[in-house]
Amino acid sequence: MTFSATDHAMMARALALAERGLETTTPNPRVGCVLARNGEIVGEGWHERAGEPHAEVHALRAAGERAHGATAYVTLEPCSHHGRTPPCADALVAAGVARVIAAMEDPNPQVAGKGLARLRAAGIDTAAGLLQAQAHELNIGFISRMTRGRPWLRMKTASTLDGKTALNNGVSQWITGEAARQDGHRWRARACAVLTGIGTVRADDPQLSVRAVPCSRQPLRVLVDARLEVSPEARILAGGHCLIATATDDAERTAALRERGAELLRLPDAAGKVDLPALLQELGRRGLNEVHVEAGFGLNGSLLREGCVDELLMYFAPMLVGEAAQGLFRLPELAALDRALRLKLVDLRAVGEDFRLIARPGR
């Protein structure tokens with residue numbers, strides 16, 4: 001299928017609309033829709049929140065009768081099943097659109113091509129694959145959950161150029177500058193959950209909330225604490241909305257933390273630690289699409305060793321602090337370079353006085 005310049009422009013607009021739901025659509029995907037006739041937009045919309053109308057419905061309402069004979073540009077295949085809302089494929093058929101172009105097929109097994117098939121059966125011209133890579137990135141967490149049963153895990157780090165996250169005495173505020181910290185909060189805001197370990201909570205007592213950028217909802221806070229060492233007064237517990245993954249069944253500590261509004265999840269592995277892959281599966285079962293990790297070198301290393309990390313979001317400050325400072329990851333010593341974890345560079349850019357690198361482990 002060959003797409004025109006107009007097709008590309010309309011789908012780019014639909015993707016921009018979809019990004020407006022970056023923080024709010026979970027557990028649903030981020031979707032935008034543009035309706036156009038003769039190169040002119042007659043209606044557009046995006047999905048805002050789960051349970052509310054989908055992007056196609058907003059666009060159709062905006063277009064009214066002008067939707068008849070129009071082309072619909074949708075960033076994700078229109079749904080074909082009854083969920084909290086009726087099928088969007090049926091709404092497009094009823095409106096009399098002439099053509100539907102989807103950026104990509106829906107990985108949800110309940111859809112998976114059925115939406116486009118329903119449109120074709122109604123005599124509507126359909127196509128998929130326009131700006132597919134961009135659409136895939138926008139919903140990478142949703143795709144992960146639909147295809148693997150677990151969220152996309154993005155690990156954020158902030159370090160010096162020699163890979164140190166704190167001085168040997170624990171001082172770490174602030175290695176990176178304000179612009180990098182604000183950028184990190186943007187990534188927090190888009191995540192469904194922010195995950196850390198007990199070491200970080202003991203050392204820094206973080207809130208793990210989104211503060212530096214506007215955010216209409218706070219991500220779930222997830223704490224990995226195998227022995228329930230967290231203090232009931234820790235700031236991560238403030239206001240509830242905190243899940244603690246543990247390996248112990250200590251009744252007294254469990255009761256004290258539940259009184260603070262925390263939910264506890266017991267997931268021991270064979271070594272008496274928290275089963276991290278099982279934790280990710282549980283978060284997927286709960287409908288979480290993206291998990292943002294801000295932890296210390298111990299948990300960072302464990303997540304890498306157990307194959308849980310999908311993406312590294314790394315901020316580097318142009319400074320050197322020496323060998324004795326604390327590192328990024330606790331990983332075993334290697335005897336050969338061919339055993340190293342290879343990364344694929346996705347993006348590299350300056351953020352204020354620092355720079356940000358996004359990379360993904362090779363599979």
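Met319 is partly exposed in this predicted model, with a relative accessible area of 32%, where buried stands for under 20% relative accessible area, exposed for over 50%, and partly exposed for the range in between (1.4 Å probe, protein chains only). The residue lies in the loop between strand 13 and strand 14 (326–327); helices (H or I, at least four residues) and strands (E, at least two) are DSSP runs numbered from the N terminus. As the model is predicted, local features need pLDDT of at least 70 and side-chain atom pairs count only at pLDDT 80 or more, whereas totals for chains, interfaces and linings use all residues. Residues are numbered from 1 along each chain as its sequence is written, and side-chain values use heavy atoms, with hydrogens and water left out.

**Nonpolar surface patch**

- Together with Leu167 and Val321, Met319 makes a nonpolar surface patch of about 200 Å².
- Patches are made of residues with over 30% relative accessible area and no salt bridge, like charges being joined within 9 Å and nonpolar side chains (Val, Leu, Ile, Met, Phe, Trp, Tyr) within 5 Å; the accessible areas come from the Shrake-Rupley method with a 1.4 Å probe, and for residues only the protein chains shown count as cover.

**Salt bridges**

- The structure has 24 salt bridges, a salt bridge being a side-chain nitrogen of Lys or Arg within 4 Å of a carboxyl oxygen of Asp or Glu.
- One of them pairs Arg154 with Glu311, whose closest N and O atoms are 2.5 Å apart. Arg154 belongs to strand 6 (residues 152–160) and Glu311 to strand 13 (residues 311–317), so this pair ties together parts that are 157 residues apart in sequence.
- Both partners are buried, Arg154 at 2% relative accessibility and Glu311 with a relative accessible area of 3%.
- Arg154 and Glu311 also belong to a network of salt bridges that links them with Arg30, Glu137, Arg190, Glu290 and Arg360.
- Another salt bridge joins the side chains of Asp205 and Arg235, at 3.8 Å from N to O. Asp205 sits in the loop between helix 8 (198–204) and strand 9 (220–224), and Arg235 in the loop between strand 9 and strand 10 (242–246), so the pair ties together parts that are 30 residues apart in sequence.
- Here both residues are partly exposed, Asp205 with a relative accessible area of 28% and Arg235 at 40% relative accessibility.
- Within helix 10 (residues 276–285), Arg285 and Glu282 lie three residues apart, about one turn of the helix, and their side chains meet in a salt bridge at 2.7 Å from N to O. Arg285 is exposed at 61% relative accessibility, whereas Glu282 is buried, with a relative accessible area of 14%.

- Asp225, in the loop between strand 9 and strand 10, is buried yet has no salt bridge, and the nearest side chain of opposite charge, that of Arg202, is 5.9 Å away; for charge, Lys and Arg count as positive and Asp and Glu as negative, while His and the chain ends are not counted.
- Apart from neighbours within four places in sequence, Asp225 is in contact (heavy atoms within 4.5 Å) with Ile198, Val230, Ile244, Ala245, Thr246, Ala247 and Val274.

**Cysteines**

- The model holds zero disulfides, a disulfide being a pair of cysteine sulfur atoms within 2.5 Å.
- For Cys88, the closest cysteine sulfur is that of Cys79, at 3.7 Å, which is too far for a bond; Cys88 is itself buried, at 0% relative accessibility.
- Cys215 is likewise in no disulfide, the nearest cysteine sulfur, in Cys192, being 11 Å away, and Cys215 is partly exposed, with a relative accessible area of 24%.

**Backbone features in loops**

- The peptide bond from Thr26 to Pro27 is cis, with omega near 5°, and Pro27 lies in the loop between helix 1 (5–18) and strand 1 (32–37).
- Asn38, in the loop between strand 1 and strand 2 (40–46), has phi near 55°, a positive value in a residue other than glycine, and is exposed, with a relative accessible area of 85%.
- Leu131, in the loop between strand 5 (125–128) and helix 5 (132–138), also has a positive phi, near 55°, but is buried, at 18% relative accessibility.
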